[in-house]
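Trainee: Please take a close look at one part of this model for me: the pairing of oppositely charged side chains.

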Amino acid sequence: MSNESDAADTGAVGDEDHEVAAVPAGFELGTDGPKVILAGLDGSDSSWRATAYAAGLARRQGAALAVAYIQPILGAATALAGAAVEETTQEIADELLAALREAEQRVREVWKVDWRFLTMRGDPYTGLAKLADELRADAVVVGVSEQAGHKVIGSVAVRLVKAGRWPVTVVP
């Protein structure tokens with residue numbers, strides 16, 4: 001006899017109380033694999049490696065890739081040169097976007113990744129965290145800091161890991 005007929009004969013179907021499994025709150029978005037991977041790009045060698053790594057992850061997982069450049073805000077010492085600094089950071093954003101498009105053209109025949117470039121002004125940690133939340137990123141990929149002072153005060157990568165809101169991969 002099949003299981004279905006056994007259950008019908010005994011009247012066991014629907015008579016039992018079933019416990020509902022507890023669903024973890026917050027992180028799981030109900031998908032198999034990532035939908036959005038966020039990569040931080042600032043033009044440093046490690047950030048380019050992180051972006052390449054994130055692009056590979058996105059390709060293999062069929063996820064969208066969001067590449068973000070957070071344009072640094074002005075410090076008090078550079079406030080007098082405000083317009084020049086803002087213009088320079090926008091030029092950097094434009095150059096990064098052009099380099100990404102060029103890289104896409106080189107590998108276009110081999111593989112395709114659905115990607116977009118995002119930029120905003122602000123503190124890099126705050127900007128990446130905000131974008132990760134807005135995009136509901138399943139993962140954040142950043143390069144290791146190349147600035148000596150970050151070993152003392154903490155890098156963007158360390159701050160993202162400590163936030164504990166997304167899986168973070170730090171690429172050397």
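**Salt bridges**

Mentor: Arg 106 is exposed (over 50% relative accessible area; buried is under 20%, partly exposed in between; 1.4 Å probe, protein chains only), its relative accessible area being 60%. This is a predicted model, where local features need pLDDT of at least 70 and side-chain atom pairs pLDDT 80 or more, while totals for chains, interfaces and linings use all residues. Residues are numbered from 1 along each chain as written, and side-chain values use heavy atoms, without hydrogens or water.

The partner of Arg 106 is Glu 102, and their side chains form a salt bridge (Lys or Arg side-chain nitrogen within 4 Å of an Asp or Glu carboxyl oxygen) with an N to O distance of 3.2 Å. Because Arg 106 and Glu 102 are four residues apart in helix H3, about one helical turn separates them.

The structure holds four salt bridges. Glu 134 and Lys 130 are four residues apart, so about one helical turn lies between them. Glu 134 counts as exposed at 52% relative accessibility, whereas Lys 130, at 43%, counts as partly exposed.

Asp 123 also forms a salt bridge, with Arg 159, and their closest N and O atoms are 3.7 Å apart. This pair links distant parts of the chain, 36 residues apart: Asp 123 is in the loop between strand S3 (115–121) and helix H4 (124–135), and Arg 159 is in helix H6 (residues 156–163). Asp 123 is partly exposed at 27% relative accessibility, and Arg 159 is partly exposed at 35%.

Definitions and conventions:
Helices (H or I, at least four residues) and strands (E, at least two) are DSSP runs, numbered from the N terminus.
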